[in-house]
Amino acid sequence: MDIKYDDRGLVPAIVQQYDTGEVLMMAWMNAESLELTRKTGTTWFWSRSRQELWNKGATSGNMQQVKSIAMDCDGDTLLVQVDSPGPACHTGNRTCFFTDITS
């Protein structure tokens, strides 16, 4: 099955800690960032605001080591399982999903 990129050439990638199942972040990938992720074994994404590729953790030192990459049944979302030794969020939090809006 082929990956279905949107009209901007992007696909959402959910990043999950491989051994705990903790959802760490969501970012966008294009074909080039996906290929770099496969080749290097670390996560690469496309920044929509900066219009450039970025290697997660290259600045902070919290590099994510890729364990597996899967796509969903429709081919329009990726699940990237990683070993993330430090914070995944740019705020310094372990996960980007720390704000509860239940109530």
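Trainee: How many salt bridges does a search of the whole structure find?

Mentor: The search of the whole structure finds three salt bridges, a salt bridge being a side-chain nitrogen of Lys or Arg within 4 Å of a carboxyl oxygen of Asp or Glu. The model is predicted, and local features need pLDDT of at least 70, side-chain atom pairs count only at pLDDT 80 or more, while totals for chains, interfaces and linings use all residues. Residues are numbered from 1 along each chain as its sequence is written, and side-chain values use heavy atoms, with hydrogens and water left out.

Arg94 and Glu22 form a salt bridge in which the closest N and O atoms are 3.2 Å apart. Arg94 belongs to the segment after β6 and Glu22 to the loop between β1 and β2, and the two residues are 72 residues apart; strands are DSSP runs of E with at least two residues, numbered from the N terminus. Arg94 has a relative accessible area of 29% and is partly exposed. Glu22 is likewise partly exposed, with a relative accessible area of 29%. On this scale buried means under 20% relative accessible area, exposed over 50%, and partly exposed in between (1.4 Å probe, protein chains only).

Val15, Met25, Met29 and Phe45 are the residues with the most contacts inside the largest nonpolar core, which has 13 residues. Such a core is a set of buried Ala, Val, Leu, Ile, Met, Phe, Trp, Tyr and Cys residues joined through side-chain atoms within 4.5 Å. Strands β1 (11-17), β2 (23-29) and β6 (78-83) each supply at least two residues of this core. The largest share, four residues, comes from β2.

Strand β2 also holds Val23. Val23 has 38% relative accessibility and counts as partly exposed. With Met26 and Phe97, Val23 forms a nonpolar patch on the surface, whose accessible area is about 270 Å² together.

Tyr18 is partly exposed at a relative accessible area of 38%. Beyond its neighbours within four places in sequence, Tyr18 is in contact with Lys67, Gln81, Val82 and Asp83. The C-alpha atoms of Tyr18 and Met63 are separated by 14 Å, and these two residues are 45 residues apart along the chain.

We turn now to the salt bridge of Glu52 and Arg50, whose closest N and O atoms are 2.9 Å apart. Glu52 counts as partly exposed at 39% relative accessibility, and Arg50 counts as partly exposed at 47%. Strand β3 (residues 44-47) and strand β4 (residues 52-55) run antiparallel and are joined by four bridges; strands count as paired if DSSP finds at least two bridges between them. Within this pairing, Trp46 stands opposite Leu53 in β4.

The hairpin has four residues between its strands. Gln51 is placed in the loop between β3 and β4. Its phi is near 55 degrees, a positive value in a residue other than glycine. Gln51 is exposed, at a relative accessible area of 51%.

The remaining salt bridge joins the side chains of Arg8 and Asp6 (2.6 Å, N to O). Arg8 is partly exposed, with a relative accessible area of 48%, and Asp6 counts as partly exposed at 26% relative accessibility.

Asn62 lies in the loop between β4 and β5 (65-71). Its relative accessible area is 19%, and Asn62 is therefore buried. Aside from neighbours within four places in sequence, Asn62 is in contact with Lys56, Gly57, Gly86 and Pro87.

How values were computed
Patch = residues over 30% accessible without salt bridge, like charges linked within 9 Å, V, L, I, M, F, W, Y side chains within 5 Å. Areas by Shrake-Rupley, 256 points an atom, 1.4 Å probe, with all protein chains shown as cover. Contact = heavy atoms within 4.5 Å.
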